[in-house]
Amino acid sequence: MSNEVYERIEVRPLAGALGAEVSGAQLGELDDATFAEIHRAWLAHEVLFFRDQDLGPEQHKAFGRRFGALQVHPFLHSRAPEGHPEIVVLESSAERPVVAAGWHTDVTFAERPPMASILRGVDVPAWGGDTMWASCRAAYDALSPTMQRMLEGLVAVHDTSKTFSRGAYPSERRPDANDTPTALHPVVRTHPETARKSIFVNPAFTLRIKGLRPAESDALLKFLYQHVTTPEFTCRFHWTKNAVALWDNRCTQHRVVADNLKAYRRMERVTVEGDRPA
Ligand SMILES: [Fe+2]
């Protein structure tokens with residue numbers, strides 16, 4: 001990782017492929033020089049963690065806006081706090097199961113999936129309910145050159161048919177016939193800021209690879225999903241109250257570990273708009 005010298009923050013890697021815990025910064029009161037270091041560390045480590053952040057909704061959104069315009073989630077906004085439609089509330093309890101217990105990249109059914117997600121632990125269980133991330137860049141790098149060449153130029157279809165469109169899926173609103181989003185994305189995308197390549201298919205929203213027969217597409221996707229989540233390409237974070245995770249949605253997947261189903265857990269997320277994957 002290049003340029004790994006920081007003057008204002010401390011950056012401690014958590015795992016081999018991605019993830020670092022940052023100390024020395026309060027996200028609600030950042031000067032530009034500290035933000036620039038956080039941004040650099042984020043590009044290098046793909047997901048950053050900050051403990052004990054005193055962030056209200058306004059500061060949470062302001063931190064997100066440093067990266068770009070905020071997205072209002074198409075199907076998860078009805079529980080947003082009054083006056084803050086950009087904040088996605090992710091709540092789970094014994095009566096209300098976790099929605100994100102499978103590996104995914106946020107909102108890839110959109111033509112322009114978000115660049116970044118910023119998740120804050122508001123009420124977190126004493127144990128369990130961790131989140132895991134996987135580096136789709138490390139996974140791409142580990143493929144043979146022959147496989148890398150085979151994936152170049154392939155395009156995948158992404159939609160909500162496995163998630164928000166399904167009756168059993170716990171979302172606040174379902175896409176209807178007029179707004180069922182479908183997007184075509186390259187199977188390998190190039191990061192617009194780091195120029196690194198990564199695998200860009202995920203089991204929640206990718207439907208199939210265009211131009212392949214169903215059995216071929218299923219087999220290749222199954223391999224890629226399994227490969228991306230190889231333990232060596234992942235990291236895992238245990239939440240504490242007021243911890244914040246900031247991840248690069250262009251080169252990672254994540255999931256909740258739903259192992260403490262009875263505990264109440266409330267997370268708030270701000271999502272930053274991204275560009276069209278290429
Ligand atoms: Fe997510």
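**Close-up views of a predicted model**

**View 1. Ser117 and its surroundings.** The side chains of Ser117 and Asp106 make a polar contact at 2.8 Å (a pair of N or O atoms within 3.5 Å; within protein, one must be able to donate a hydrogen and the other to accept it, and residues adjacent in sequence count only if both atoms are side-chain atoms). This is a predicted model, in which local features need pLDDT of at least 70, side-chain atom pairs count only at pLDDT 80 or more, and totals for chains, interfaces and linings use all residues. Residues are numbered from 1 along each chain as its sequence is written, and side-chain values use heavy atoms, with hydrogens and water left out. Ser117 belongs to strand β5, residues 116-123 (helices, H or I, of at least four residues and strands, E, of at least two are DSSP runs, numbered from the N terminus). Ser117 is buried, with a relative accessible area of 0% (buried means under 20% relative accessible area, exposed over 50%, partly exposed in between, with a 1.4 Å probe and protein chains only). Leaving out residues up to four places away in sequence, Ser117 touches Asp106, Ala245, Leu246, Trp247, Asn249, Arg269, Val270 and Thr271 (contact means heavy atoms within 4.5 Å).

**View 2. The iron site.** His104 (NE2), Asp106 (OD) and His254 (NE2) are the protein donors of the iron ion, lying 2.1 to 2.2 Å from it (donors are N, O and S atoms within 2.8 Å of the metal, or 3.2 Å for Na, K and Ca; water is not among the atoms, so sites may look incomplete). Along the chain, the donors follow the spacing H-x1-D-x147-H. Both His104 and Asp106 are buried.

**View 3. Two residues with positive phi.** Val107 has a phi near 55°, a positive value in a residue other than glycine. Val107 lies in the loop between β4 and β5 and is buried, with a relative accessible area of 3%. Asn242, also not a glycine, has a positive phi of about 70°. Asn242 sits in the loop between β12 and β13 and is partly exposed, at a relative accessible area of 26%. Most residues other than glycine have a negative phi.

**View 4. The nonpolar cores.** The largest nonpolar core has 48 residues, and those with the most contacts inside it are Trp133, Leu151, Val187, Ile199, Val201 and Trp239 (such a core is a set of buried Ala, Val, Leu, Ile, Met, Phe, Trp, Tyr and Cys residues joined through side-chain atoms within 4.5 Å). Elements giving two or more residues to this core include β3 (47-50), β6 (131-135), α4 (145-151) and α5 (214-228). The largest share, five residues, comes from α5. A second, separate core of 28 residues includes Tyr6, Val11, Leu27 and Ala44.

**View 5. Helix α5.** With 15 residues, α5 reaches 21 Å from its first C-alpha to its last, close to the 21 Å expected at 1.5 Å a residue (the expected span is 1.5 Å times one less than the number of residues). Buried in α5 are Ser217, Leu220, Leu221, Leu224, Tyr225, His227 and Val228. They cover an arc of only 165° around the axis, which puts them on the same side of α5 (the arc is that of the directions from the helix axis to the C-beta atoms). Ala215, Lys222 and Gln226 are exposed on the other side of α5. The cover over the buried residues of α5 includes β10 (197-199), β11 (206-209) and β14 (252-256).
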